[in-house]
Amino acid sequence: MKTTVAMVVGQLPVRLTMYPSPFSSISSVAVTKTAMATATATATATAAATLQDIAASHPKGFANVVLKKGKTQLFKEGTPMVFSGAVDRIIGRPPPTTGDAVLVSDATEKPIAWGLYNSASMYAVRLMQLEHEAISDPCCALNMEKLLQSRIAEAVELRKRLGLPSRLTNAYRLVNGEGDRLSGLIVDIFGDLAVVASSAAWVEKYRQEVEAYISSIDGVNHINWRPSLEILKKEGLDVATIKPDIQPSSCPETTQVVENGISYAISLAGQKTGFYADQRESRHFISTISQGQKVADICCYSGGFALNAARGGAIDVTGVDTSLPALELASQNVVLNNLDPETISFLKEDAAQFMKGAIARNESWDIVILDPPKLAPSRKDLRSASGMYRNLNTLAMRLVKRGGLLMTCSCSGAMTQSGTFMRILQGAALTAGKKITIVRQAGAASDHPVDPSYPEGMYLSNILLRVV
């Protein structure tokens, strides 16, 4: 990727170099002793400034969101969102509006951070910098345009360190919300297409800037804007005024990507951003253990695990899903990868019904992958979801040959964070009359970083079990 990003100044994007050339001539950076002394003095003075001082230097000033007594430490330790219930009062006239930068202070009105305000959301403020960060990087303090530019540049650099993109993989997550310290913003890259998933009011407010910075990334030629309307409605926005796609005339409806050397057709009308990059590393793992195996990929979507099994030398692969559009993509992917249609096939059927029928027919597989959709959207759904996960996994375990493997997944953050998924699997094994051992545990791929102060970002559980 190129090392420049676009900085919006008024309506005009200006390209700025992120990293200086290591070959710059010495004479080009030489300065006089007087200039160096002046710069050092200025830097020292700036470093000594507090967040309050930085805020006071702005002519319009900033509202101050004062926390209730005893609530400060949680946010000093990095929790990225201030719930409305933690706010004691707001100082400033006129009061801030949604998307405005505000100070966040302790009960004594001493600023500890700054963030973006929302008058309607349960998240009153999404924190952007703690005070020590603002002091060490004052150019970004209380300046969302510059901070956004900096954070996206950092996200690009992290993916480069992870080897993304590469010749074998051009589908990956570039920005992962809180994990990249841009709460409410998701950006997936699919070849020359960037899909932006917006789930916060501030993202919609800074849409033009997000668009400009992403457009400046090397290789990105199209942007598809996908607002999460139900979430944005809770953010207090009038969703009727939000346009889903910023480039409808030039953005393709479908595209093709490569992941670990396997080609995939992607439909932008599909689920989420169009492709589940979070399972990339687990899909590749399946390719390494499938030689000579009979494999079932249940809830297969566009065939990710099934394709990897076939590429890895599986002798028979069956994919099952209820979505006809997803299965049409899966069939396209078989052709794209020149796989033998006699070896890999897909069925449109409910997962539970398929497994019950297979059990009745005495069918079994060496490897079964079970990756159902999100069954527990929130904590209040955990009780009912637990029963569904248990029933599905009981059936899946009964399909596995003795000594075979079950890769079972949950993409429900509420389930993963509850810590009960393993207990559910143990209960499923008991019901199925099986004994299980854990062979491998994984989460989302490495391009989905997680802020340890925001464990809610850990949503995916992928567990490989030996079943006997």
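These legends accompany a set of close-up views of one predicted protein model.

**Figure 1. The whole chain, as a starting point for the close-ups.** Welcome to the overview of this predicted model. The protein has 468 residues, and 51% of them are buried. Its secondary structure comprises 16 helices and 21 strands. Among contacts with a separation of 6 or more, 64% join residues 24 or more positions apart. Mean pLDDT is 89, and 88% of the residues reach 70 or more. Please read residues 1-48 with care: pLDDT stays under 50 there, and the model has 57 contacts beyond four places in sequence for this stretch.

**Figure 2. An aromatic pair between strands β4 and β8.** The model holds seven aromatic pairs. In this one, the ring centres of F83 and Y123 are 5.2 Å apart and the planes meet at 65°; an angle over 60 degrees counts as edge-to-face, so that is the label for this pair. F83 belongs to strand β4 (residues 81-83) and Y123 to strand β8 (residues 123-130), so the pair ties together parts that lie 40 residues apart in sequence. F83 counts as partly exposed because its relative accessibility is 40%, which falls between the cut-offs of 20% and 50%.

**Figure 3. Helix α14 and its aromatic partner in α16.** Y389 and F421 form an edge-to-face pair, at 5.6 Å centre to centre with 75° between the planes. The two residues are 32 residues apart, and their pair links distant parts of the chain: Y389 is in helix α14, while F421 is in helix α16 (residues 421-432). Both Y389 and F421 are buried. Helix α14 itself covers residues 382-399, 18 residues in total, and spans 26 Å from first C-alpha to last, close to the 26 Å expected at 1.5 Å a residue. Its buried residues are L382, A385, S386, Y389, L392, N393, T394, L395, A396, M397 and L399.

**Figure 4. Rings in a cluster, and charges over rings.** F190, Y264 and F275 are linked into a cluster by ring pairs. The charged end of K294 sits over the ring of W365, 4.9 Å from the ring centre. R440 lies over the face of F285, where the distance to the ring centre is 4.5 Å.

Figure 5. S263 is part of strand β14 (residues 262-267). With 16% relative accessibility, S263 counts as buried. Leaving out residues up to four places away in sequence, S263 touches Q256, V257, V258, N333, L336 and N337. Beyond four places in sequence, S199 touches R126, G184, S228, I231, L232 and E235. From S199 to S183 the C-alpha distance is 8.6 Å, across 16 residues of sequence.

Figure 6. The bond from R93 to P94 is cis, with omega near -5°. P94 is found in the loop between β5 (87-91) and β6 (101-105). The bond from L164 to P165 is cis as well, and its omega is near -5°. P165 is placed in the loop between α6 (144-161) and β9 (171-176).

Figure 7. N260 is not a glycine, yet it has a positive phi of about 50°. N260 lies in the loop that runs between β13 (254-259) and β14, and it counts as partly exposed at 28% relative accessibility. Y301 has a phi near 50°, again positive in a residue other than glycine. Look for Y301 in the loop between β15 (294-298) and α11 (304-311). At 10% relative accessibility, Y301 counts as buried.

Note on methods. Residues numbered from 1 in each chain as written. Predicted model: local features only at pLDDT ≥ 70, side-chain atom pairs only at ≥ 80, totals over all residues. Heavy atoms only, no water. pLDDT = per-residue confidence, 0-100. Contact = heavy atoms within 4.5 Å. Helix = DSSP H or I, 4+ residues; strand = E, 2+ residues; numbered from the N terminus. Expected span 1.5 Å × (residues − 1). Buried < 20%, exposed > 50% of the residue type's maximum accessible area, 1.4 Å probe, protein only. Phe/Tyr/Trp six-rings, centres within 6.5 Å; stacked < 30°, edge-to-face > 60°. Lys NZ or Arg CZ within 6 Å of the ring centre and 35° of its normal.
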